[in-house]
Amino acid sequence: MTSVSRSRNDDILVLGMNPHTQAEAEALQKSNPRARVTTLQDTPRDDQVKAPGSDGAMRVHDLRTGAGIQTFVATLGLPLTQGRQVAAAIASAGEDARDELAQLAQVWARAEKGGVIPSRLVLSGHSGGMSLWGEEGGFKNGVLTRSSLARLAAAMPTAAARVEDLCIAACYNGGETTLDAWRALFPNVETMWAYNGSAPGTFSGATVHLARWEKATRGEVDALRPDAARGLRKGENLAVWSRRDGYQTAAVGGSTADLRARYAAGHATFERYFRGEEQVRDTQRGPLREHYNTLQALLGRPEVPASERTGLERARDQTLRVLFYENVASRFQETHRSEIQRGFAALGVRAPDFSRVGRGEALVLIQSFEAELARRQPRPVEAQRLLPLLTEGLRDLQRSHIPENWL
């Protein structure tokens, strides 16, 4: 076994939010049969994890409650103050993301008590650059934010310091500022591998990419080549950082001035789709996807000031939700069916099914609902409750109402 004094090893920890995490882990294991590959993924029941008690018996801990988090953290064997910090980190995670974070805490607890953990970490899932989530077909999972991971890393600093090679197998995490944000979690990281644009899916290239990453980071490594995925699907989107060579990308991007010009020119395109005048035919290609790529590229530039970032982040989030509006409308209808029925009934109007109407028609329905409600005195309570869901949610596509795992 690797000695405690030497943190470096070729073992890999894979935390995946999508249903095919095991296939990605198997590709890594095949690439290096001598490495120990540990897989963390969605548990069978939302936010419920198993952990052995002091008697060795396995028990299920319900992380949906504070008491369940406390009993789980007690199994980690950490000092009281540190345990409270870990509990707060787990509690900060959203619905159905606490189980993945808790499993990570289980592995990392070994390092906090002087043991050995994998020095290579893979974070896999859908992403827009600030979080990871899972949604594919009928599979649903929560949203694990970088801020929650950062809280856990801060609560378990010895473990975070053992991570030397980080692979983010997810879209839009390869901007320079985004990689800087990830690097802040792991003070001894030597290399990082991510994607400036979209990343390949599990069975459309990710397993091959991960095998390349595994070989490139095997042993004592302090550098990565930006062309390490050359010849592979979406290999041109690779971005890397290393302690020796700094930040590099596989493709040469335009200047920040060019990106600002492209963003300004693309705003009219966004408005057409936002108003429902045009319908997205292909979520991965086309003018709206190009506009989204431009936004992500701008946000990845360290020279873009904080005063500009807030507006760009809002535009990024809104554009992504317009791109996947069909998914948004379906999940909105599914989640808020009862509120929709009650709100429209309160005005004596037949409730629509927003999953069956296009965005343009939905905006007309929302405008009519708002106008009818404004005419009523007094205003029906159920209609007032529905209004912000319709306006701030389905109309304005605010992040607070439309979570990433609806996309």
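Predicted model: local features only at pLDDT ≥ 70, side-chain atom pairs only at ≥ 80, totals over all residues.

Q: Which element gives the largest share of the lining of the second largest pocket?
A: This pocket is lined by 28 residues (an atom within 4 Å of a point), and H126, C171, A199, G201 and Q284 lie nearest its centre. Going by DSSP runs numbered from the N terminus (helices H or I, at least four residues; strands E, at least two), β6 (126–127) and β7 (131–136) each supply at least two lining residues. The largest share is three residues, and it comes from β7.

Q: How about the largest pocket: what is its volume, and which element gives the largest share of its lining?
A: The largest pocket has a volume of about 960 Å³. Its lining has 43 residues, and those closest to the centre are Y172, N196, G197, N293 and A297. Elements that give two or more residues include α7 (176–183), α9 (256–274) and α11 (306–323). The largest share, six residues, comes from α10.

Q: Which element gives the largest share of the lining of the largest cavity?
A: A cavity is a set of points that the probe fits but cannot get out of, and the whole structure has two of 30 Å³ or more. The largest cavity holds about 70 Å³ of space, with W133, Y292, R316 and E404 among the residues that line it. Both β7 and α11 supply at least two lining residues, but the largest share, four residues, comes from α11.

Q: And which helix gives the largest share of the lining of the second largest cavity?
A: Here there's about 30 Å³ of space. The lining includes A169, Y195, P200 and H209. The largest share, three residues, comes from helix α8.

Q: How many residues apart in sequence are the parts that W108 and F186 tie together?
A: Rings of Phe, Tyr and Trp (its six-membered ring) pair if their centres lie within 6.5 Å (planes under 30 degrees apart are stacked, over 60 edge-to-face, the rest tilted), and the count comes to six aromatic pairs. W108 and F186 are edge-to-face, at 6.3 Å centre to centre and 85° between the planes. W108 lies in helix α4 and F186 in the loop between α7 and β10, so the parts that the pair ties together are apart in sequence by 78 residues.

Q: Where do F332 and F354 lie, and are they buried or exposed?
A: These two rings form an edge-to-face pair, 6.1 Å centre to centre with 85° between the planes. F332 lies in helix α12 and F354 in the loop between α13 and α14, so the pair ties together parts that are 22 residues apart in sequence. With the cut-offs for relative accessible area (1.4 Å probe, protein chains only) at under 20% for buried, over 50% for exposed and partly exposed in between, both F332 and F354 are buried.

Technical notes:
Residues numbered from 1 in each chain as written. Heavy atoms only, no water. 1 Å grid on protein atoms, 1.4 Å probe; cavity = no way out; pocket = protein on both sides within 12 Å on 5 of 7 lines; lining within 4 Å. Points joined across faces, edges and corners; volume = space filled by probe spheres on them.
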